[in-house]
Amino acid sequence: MASEHPLDALRFPLRAAGFVGLTFGMYGLLEVDTALSSAADREVVLHTWMRRYGRALLKLYGLDVRVSGLSGLFQREPARDPAAGAEYYPGRDPAGVGRVFVMNHRSALDIMVTLAFFEATVVSRSDLAGWPVVGMAARRVGTLFVDRSSKRSGSAVVQAMCTALKGGRGVMVYPEGTTFSGDEVRPFRAGAFTAACRVGAQIVPVGLAYGGADSSYADETFAAHMARVSRARRIPAALEVGAPIATAGQNVDAVRDESHQAVQALVHRARARLASDI
């Protein structure tokens with residue numbers, strides 16, 4: 001194993017400080033922009049700032065994400081945005097129904113990628129709501145929290161997803177339920193697919209792969225994980241987006257199986273693209 005460069009150890013405290021400053025700074029700017037906006041524009045304002053925040057985090061942590069797949073469905077950021085020209089996937093379909101994005105879950109960095117490229121509310125573990133800084137930001141952007149050990153919590157979040165989708169809000173779910181290492185996509189939990197089938201929402205499969213194994217979050221604390229990934233100067237990643245899967249009139253298990261197969265294929269495609277870029 002190569003010895004650590006002296007600067008690698010400094011990146012964690014510097015990036016941690018940058019994360020706190022960036023989070024509070026953008027939180028304040030979001031509140032100002034929201035106060036100056038009409039009620040009808042506030043959802044647009046919220047998602048615009050979520051994308052700005054996500055892209056700023058990608059830069060802060062050295063994430064170099066290559067996005068591929070169905071580029072025609074992506075929309076361009078308004079010219080007034082600092083990241084003008086960057087693409088994102090809209091959260092609602094042409095009929096105005098929210099989309100359900102499903103992606104494999106490998107790292108805390110996945111959240112940054114989601115914020116940067118998808119117009120969606122994230123479904124996350126319930127204890128995150130109480131975390132310092134992170135929890136504040138998650139609550140402000142409307143994260144749907146679920147206690148995966150509680151059937152009552154699971155039922156409540158499925159209902160919350162249905163409400164969001166009917167209102168035209170996209171939802172990002174990591175249906176494996178937790179993070180894993182490697183490219184094997186584990187079995188999907190049914191909640192997101194139940195909500196999508198009830199509403200007739202599109203499922204958009206997404207596959208993500210990181211360069212190297214050190215980005216995976218497994219068998220360690222969140223702090224230890226972030227300390228480790230923060231030491232990297234640059235982290236290459238590939239994001240593959242697949243064709244939307246229709247759910248209207250479909251069986252939940254069939255949709256879940258089709259989505260799982262699609263995500264697995266997209267992860268393999270993402271990994272191949274990373275290898276070809278080396």
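**Cysteines**

Cys197 is buried, at 15% relative accessible area; I count buried as under 20%, exposed as over 50% and partly exposed as in between, with a 1.4 Å probe and protein chains only. A note on ground rules: this is a predicted model, so local features need pLDDT of at least 70 and side-chain atom pairs pLDDT 80 or more, while totals for chains, interfaces and linings use all residues. Residues are numbered from 1 along each chain as its sequence is written, and side-chain values use heavy atoms, with hydrogens and water left out.

I then looked at Cys162, which is also buried, with a relative accessible area of 3%. My search of the whole structure turned up zero disulfides, taking a disulfide as two cysteine sulfur atoms within 2.5 Å.

**Helix 6**

Next I checked the helix around Cys197. Helix 6 covers residues 191-199, and its buried residues are Ala192, Phe193, Ala195, Ala196, Cys197 and Val199. My helices are DSSP runs of H or I with at least four residues, my strands are E runs of at least two, and both are numbered from the N terminus. What covers those buried residues? The cover includes strand 4 (100-103), helix 5 (151-166), strand 7 (171-173), strand 8 (203-210) and helix 8 (252-277). Just after helix 6, Gly200 has a positive phi of about 80°.

**Chain totals**

I count eight helices and nine strands in the chain. Of its 278 residues, 49% are buried. I also went through contacts (heavy atoms within 4.5 Å): of those between residues at least 6 apart in sequence, 75% join residues at least 24 apart.

I ran the search on a 1 Å grid over the protein atoms alone: a cavity is a set of points where a 1.4 Å probe fits but cannot get out, a pocket is an open set with protein on both sides within 12 Å along at least five of seven lines, and lining residues have an atom within 4 Å of a point. Points are joined across faces, edges and corners, and a volume is the space filled by probe spheres set on them.

The largest pocket holds about 890 Å³. Its lining has 38 residues, and Ile111, Leu128, Trp131, Val134 and Phe222 are the closest to the centre. Which element gives the largest share of that lining? Helix 1 does, with five residues. By class I get 27 nonpolar, eight polar and three charged; Ala, Val, Leu, Ile, Met, Phe, Trp, Tyr, Cys and Pro are nonpolar, Asp, Glu, Lys and Arg charged, and the others, Gly among them, polar.

There is one cavity of 30 Å³ or more, and the space in the largest cavity is about 120 Å³. Its lining includes Thr23, Trp49 and Arg140. Helix 1, helix 2 and helix 4 each give at least two residues to that lining, which splits into nine nonpolar, one polar and one charged.

**Arg233**

Last stop: Arg233, in the loop between helix 7 and strand 9 (235-241). Buried or exposed? Arg233 is exposed, at 60% relative accessibility. Leaving out residues up to four places away in sequence, Arg233 touches Arg11, Arg15 and Gly62. The C-alpha atoms of Arg233 and Arg11 are 8.0 Å apart, across 222 residues of sequence.
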